[in-house]
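Reader: I have a few questions about how this model packs. Please show it to me.

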Amino acid sequence: MNLLTLTLCLPLVGAICIGLFPLKGREAYWAALTASILMLLCTLRIAWIFQDALPEGDSLFRLVEFYPWFPDLNLSYKVGIDGISLTLLILTSIVTVAAVGVSAHVEESPRTFFAGLLLISAGAFGAFISLDLMLLYIFHELALIPTFLLIGFWGSSTYRERVATKLTIYLTAGSLLLLIGLLAFYFLLPPNIRTFDMEALRLSLSAPNAPTGLILRSHELWVYPLILFGFGILISLFPFHTWAPQGYANAPTAVAMLHAGVLKKFGLYGIIRVSQVFLPFGAMSYWMDVLAVLLLCNIIYVGYVAMAEKDMNYMLGFSSVSHMGYIFLGIISHTLIGISGAIFLMFAHGLTASLGFAISGYVYRKTGTRDMTQLGGLAKSMPFMAVLFGMVAFASAGLPGFGNFAAEILIFFGAWDKHRVVTIIALWGVVISSVYMLRAFRNVFLGDLKPTQDPASVITMSYIERLPYLLLISVLVIIGFCPSLLLNLIKPGVEQWFVLIGK
Amino acid sequence: MSVIGLHHYLIVSALLFCIGLGGVMIRRNVLIIYMCLEIMLNAGSLALVAFSHFNGAINGQILVFFVITVAAAEVALGLAIIVAYYRLKQSTHVDDMTSMKF
Amino acid sequence: MNAAWLLLALPLFSFVVIALFTRRMGTLSSLISTLTSIILAVVAVLLFVDRIPAPDAAIKWIDFGMLTISIKLLVDPLSKLMLLVVTGVGCLIHIYSLGYMKEDASKGRYFACLSLFMFSMIGIVLAENFLMMFIFWELVGVSSFLLIGHWFERPAAADASKKAFITNKIGDFGFLVGILLAWTYFDTLSFPGMQQTLPNSIGESGTFIAMCLLLFCGTIGKSAMFPLHVWLPDAMEGPTPVSALIHAATMVAAGVYMLCRIWFLLEISPTSLSIIAWIGGGTALMAALIATQQNDIKRILAYSTLSQLGYMVMSVGLSAPGPAMYHLTTHAFFKALLFLGAGSVIYALHHEQNIWKMGGLFGKMKITAITFLIGTLALIGCPGLSGFFSKDEIILAASHHSGHLHALYYIALGTAFLTAFYMVRLFTVAFINPAASRKHDSHGDDIHESPAVMTMPLILLAIPSILVWVAGIPGYLKLGHAPEHHGNMVMILSTLMFAGGSLVGYFLYIGKKADPISIPLFQHKFYFDEFYGVLIKYVQQNVAMVFHFFDRFVLDGLFVTGSGLATNFMGRVLSWFQTGNVQTYVVWLALGILAIFWFMIQ
């Protein structure tokens, strides 16, 4: 049992233990926090030994572990990582710790809540490390199901059950599309190379006498959109994004953090790992132009929708939908720079979105409202939150010093050669996002206190309370100042990815 | 008069079957529906005997014995259900027996 | 390690230390920051006299082969001059702030942001490549946001800082597209690299003009040119030393500095240069007209800054980048002087900013008044002071052009007249006219001169305002082509403008208690703010509302919730088959069997 599986088991076992043992009061919180911190430490250890754990043989992945599961179907438990997955694993662990950390206030059935949170985290973690297509799908579903329970019970409004139902059905429909796509791909493969194992597929793809592509080109043209939109619904690609703002707004803070921060990135990771690699013809065909148009709608259209929003959580939800457009732009650029930028932005945006939802959740708890027209002048009573939200606002607007800037610059430069017009329009999205984020910042934190609020007394936050927020912002600032820390992981991974698609 | 052939019997059997089916579809009293059901079964038996006689194989007539036995068992069961349901609803009108409606 | 790196490292270090550790201790923070600025000024001087060699090292921030963003310092005459201006004025303003912000509750935060600003501004000056400049360009924008919004509890300040940042961001959008376009022409984005690999064959194509104009967008945003000028007057909501440093001397000048940096690109495209010149000239004239009707001392100075920036930009457009930098340098000194003087007045009058409520200051605040007078004379081009020479060079450059650009010559002269007019108006009303009635301060005294820590910088700034023309800046810079030796016509005309404007201003306003002229168009700043407000409200907000409606009711309502409802509906329709009546089922059974038979027979 190697380190990867061990780290995967940590949240799983943690969830089971919290669910089974009769923990009282805050013990569930501390147990979950311990599990997530252990997970983070193990992930950091994985990152530490990553450089030395050289890939074996022909494999491009490191720390590979293999257990056959359904040999007849060539379905196995196979996990392994490379630079790209390692980055996202680190993101998952950090956001999990932060999400558990800010949930100290959950009082109703805390055991189920934390068990669910850890399951979501385990699902995401497993999805990033899996090297088997069906395993990817299974972990994805594992991450999805607990969100239904968590939003339905611990959500923050009266119609939370309806929203939970809607979100789960929508996302499951997406998974269904994905499943159909994956199965279609599997069955269209020639019988001698028919397997779910991504490594084996890759070897078949790069075998010297292999035909161009694993399946027929005409088939690729309809399998690719299935997988693309299957993942795309999870990523909130326009026009399948409407679940996101409602879902995040009504979800408990921790779930919103995990969902927007990590689960969305899983969809993008899936596209990079699966559809761009195994369906290269489909990827470069007219679907790329379709994707270009859709991502512009994500950036511009959803950006304007965000401007019209008065509820802070809704606005943050739309904002995270909008930022997915940039990552897509990086992906369709098909250059080393662009894709590295996309992965970097996945990491940076994961942190930004989580922090944004964490702050918004805190404000909601302390003031009872998320309506930005009712809030004002909170910088006097919550100076720490004001500073953090200001940083989130500026990071989303692409200010240097935070990771988002380096990522966006890489994406724009990467996409510039092939997609000029798209890049220019996408750049305007940066202005749009600065408008609504700064407007939110000014309305909520700066200016006068609104008459509906208590006169300002500084709400004290203990140092322990501040830690989850500090964790998120410090990582964001560190990679903003020294992007090479992360790029040294990402770049070799993406270079290998190019080897995979034979460029 | 021409020789009475197989087809005469089959036509009679078909007519009987249709009468039975029509009765099942149209009649409103549960017991009448049951009787029409019996008519359908007998029509089937008639066809079986006719085939057996004209083809010289005894299998059809053996099968008729099975059919009659099954019909008898089914009638016993069915009448018991109808009596129980009558005790509940005090009516034998088939439109009153719609508990399984959506 | 080259000492020049101190220029970047020290202010960053100061910012981090104050922000993280000493924010609550105001006095300590102010001393840290001020000391840093003094050391920066010393290093800048040493760099200027070549005591410190130009550094070669580069920090590779992002390395992707064809895209390499490195942090590298470019030390050439242009940057050395600008460094002197930035650190010199910056240092004096730090000292001034020690006095001005003494009673402010958030002093620590103020000085932290000042250090951050110094870091960002020096980064722009020393930037060796486009992307490094862009990074610090954005950082300067955020420093400006933090400093304008220093008193963020005031809604006006919060709004002003947001407006400044967003307006700047629009300019930065154009700037970044321009940088991307430049990347298509060159393999490298470093300034010396681009200059060296500039192909001779590069012509003035549409893309090239677009690139130049888009790069100019950065200047439009940062230096508040028309149409993105609206943030600068509102930025006066910040503390006065901030207005002096950022919105007079340095940050707004960064746009002009950048234009001079990319002069080797701009000079290839006369079309872009004409557009740049017209935007500069237009801004200069428009701002001067607005300034003649403003009543807030800081607003008048703000519009004056806009006007002078217009001169500088126009000068670059007229193929005279040397005089542009020259005017930038002289302007930095006397504009900072004027702002600090205004600050001194505001401080003494307990934050009164309306000039019609001032008066009689000449007698009570001698040092402030005299230095203010020196600054005024320098600004309006009084012969013998620095402003005269620098402005003269620009007007001279304008006179050399023919065609439509020659109109700018007359615009420049007219603006000089107006400049003299409104500045003398300001000085007359605020300093010379008899005192308006005002309450006496707590000691029962009327106003008195500001403390030495504030008047010292005033005096120190007055000296270069008078004398800096001695330095021979355009020759030092060797930018562009030196114009042929001028005739005296220009000098006479500009002196005439100065004299005429001053006299008209003086005689029109001496002794008056209220403004005798009232021109609403100028008072309301050509209704630009209202226009943008309408634009934002009716265009942007409506677009957002329409999209929002579409998203909520069509995409979400019609399609998503609709498909849910449709599924429900289908379920309900299909359940009509379950009548509970056996006979219905029998009918369906019979029909089904008939259908099977039918298909079997087919």
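Author: Contact here means heavy atoms within 4.5 Å. The model is predicted: local features need pLDDT of at least 70, side-chain atom pairs count only at pLDDT 80 or more, and totals for chains, interfaces and linings use all residues. Residues are numbered from 1 along each chain as its sequence is written, chains are lettered from A in the order written, and side-chain values use heavy atoms, without hydrogens and water.

Reader: Which residues is A:F445 in contact with, leaving aside neighbours within four places in sequence?

Author: The list includes A:G377 and A:M385. Also among them are A:I359, A:V363, A:L378 and A:F389.

Reader: How many salt bridges are counted between chain A and chain C?

Author: A salt bridge puts a side-chain nitrogen of Lys or Arg within 4 Å of a carboxyl oxygen of Asp or Glu. A:K166 forms one with C:D556, the closest N and O atoms being 2.9 Å apart. The count between the two chains is 2.

Reader: How many residues does each of chains A and C give to their contact?

Author: On the side of chain A, the residues divide into 35 nonpolar (Ala, Val, Leu, Ile, Met, Phe, Trp, Tyr, Cys and Pro), 10 polar and 9 charged (Asp, Glu, Lys and Arg), with the others, Gly among them, as polar. The contact takes 54 residues from chain A and 46 from chain C.

Reader: What area is buried between chain A and chain C?

Author: Buried area is the accessible area (1.4 Å probe) that two parts lose on being put together, summed over both. Carbon and sulfur atoms give 77% of it here. The area is about 4,700 Å².
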